Amino acid sequence: MTPFIPRASSSRVCDDVIVIGAGHAGLATSYLLTEAGLSHVVLERGETANAWKTERWDSLRLLTPSWLTRLPGARYLDEADDGFMHVSELADFLDDYAKAFRLPVVSGANVTSLRRRRGIFEAHTESAVWQARTVVLASGAFNNPAVPKIAEQMPDNLMQMTPFDYRSPDSVATDGVLIVGASATGLQLADELVNAGRKVTLAVGEHVRMPRRYRGEDIFYWLHRSGIHDQRYDELDDIERGRNLPSPQLMGRRSPDLDLNDLQNRGVQLTGKLLGCREGRLLFSGGLRNVCALADLKMARLLKQIDPIADAEGAVQSAAPVATRLENTPPVSLDINDSSIDTVIWATGFKPDYSWLHIPVLNHKGLLRHDGGIVVCPGLYALGLPLLRRRKSSFIFGIEDDARDIVSHLTSFLKTDSRRFADDLYSDAHTRASARRRA
């Protein structure tokens, strides 16, 4: 079993809260609801940690070091471990967590509809209807790959895949691969495929560059120590931009750094952002140099922000990573046949799935309208979304603070709602009694 340190807990029957999703966010919420004495149920479409078990490629490891893997009441045993958990280890950790605290997870309970009637939420699954006064949406932000419209322009003989389809290089039956997107997913797939001897072209758009290690420590150590990860959503000037930032160009290994320079050294061809396909030619933006220069500039600003903290701790000196090199002029178009590209992998991000949510709480982009996880519908909450309440919100170690805030608000709502419900009953009874007396 994956080692962690549990505290005693118990579970109750559903009444107060329905939690949808048994990933790290749903399980952390369940633990805190139990701690608060609120009856609840956790509805999971598959098994605990279903996405980690079924929707990730075989070699994937967490971007965060193991010492940061923690949930309310439990942590990874070895706090000095700066290795990186494989997805199977994380799945085991979450399984063990749910079992150790007897969290009320109902597996195979795929929510096909969530509605609200007369102040009560109804979650419909194939076998039951669950009712509660509040609901926490913990189904995640990565339910579906975000494939752009330009995918429709690709010729029929070109194989198209998403990270959900990819398991290993054996998943790709061809030698020439175009990976669209250069955030964490795109870089990691490019790394694995070029190591397997494939000819890889990487279309690079906006990205966030970070070194894996800096001043003798993992970059997450400095993000943690500097308080950057604790920055709140209501302290940012542009929250929407913050929530849409790409994931950092990192992978779960100590060295060497995985960046565009490293990939180019191993034969990966870089292009600008993919704009479309016309008459058998792939069309790319000509702004790759500017995009890379901006990513380098932002990385330099981040490291400059870290330096005073590192100096105060007496950390070793180390040079910042060299600027991104683009030795040749990146092509603005490629003939699909001449370039030998037979497969496109869309590493263009992910999006949540709210097709089952039949409550008017989505904006024109299909995203939840919420203020720090408090959704515009009274009694409805969300957890596990990027920059929900803090910069660390979408990371496993960041869920506890967010979940405590949400459970605190939810608890107050239930108390207020109960008083209002009692007042309404008293008012109705008083009205009926008055009517009888008048009669």
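Is K392 buried or exposed? Select K392 and you will find that this lysine counts as buried, at 6% relative accessibility. Here buried means under 20% relative accessible area, exposed means over 50%, and partly exposed lies in between, using a 1.4 Å probe and protein chains only.

Before moving on, a word on the model. It is predicted, so local features need pLDDT of at least 70 and side-chain atom pairs count only at pLDDT 80 or more, while totals for chains, interfaces and linings use all residues. Residues are numbered from 1 along each chain as its sequence is written, and side-chain values use heavy atoms, with hydrogens and water left out.

**Stop 1: salt bridges**

D230 is partly exposed, at 35% relative accessibility. A salt bridge here is a side-chain nitrogen of Lys or Arg within 4 Å of a carboxyl oxygen of Asp or Glu. Helices (H or I, at least four residues) and strands (E, at least two) are DSSP runs, numbered from the N terminus.

Next, select R225 and E313, whose side chains meet in a salt bridge at 2.6 Å, N to O. Here too distant parts of the chain are linked: R225 belongs to helix α5 (residues 219-225), E313 lies in the loop between α8 (288-312) and β19 (333-335), and 88 residues separate them. R225 is partly exposed, with a relative accessible area of 45%, and E313 is partly exposed at 33%.

For a buried pair, go to D218 and R212. Their side chains form a salt bridge at 2.9 Å, N to O. The whole structure holds 27 salt bridges.

**Stop 2: helix α4**

Now select residues 184-195, which make up helix α4. Its 12 residues reach 17 Å from first C-alpha to last, close to the 16 Å expected at 1.5 Å a residue; that expected span is 1.5 Å times one less than the number of residues. How many residues of α4 are buried? The count is 11 of 12, so the helix is mostly covered. Among the buried ones are L187, D191 and V194. To see what covers them, show β12 (176-180), β13 (199-203), α7, β20 (343-346) and β21 (350-351), which are included in the cover. Just after α4, G197 takes a positive phi of about 90 degrees.

**Stop 3**

Move to V268, in the loop between α7 (260-265) and β16 (269-271). V268 is buried, with a relative accessible area of 4%. Its contacts (heavy atoms within 4.5 Å) include V194, V200, L202 and L263, leaving aside residues up to four places away in sequence.

Follow that contact to L202, which also touches I179, L187 and L270, among others. L202 is one of the residues touching the most other members in the largest nonpolar core, which has 91 residues. Such a core is a set of buried Ala, Val, Leu, Ile, Met, Phe, Trp, Tyr and Cys residues joined through side-chain atoms within 4.5 Å. Finish at a second, separate core of 20 residues, which includes W67, A184, I219 and L302.
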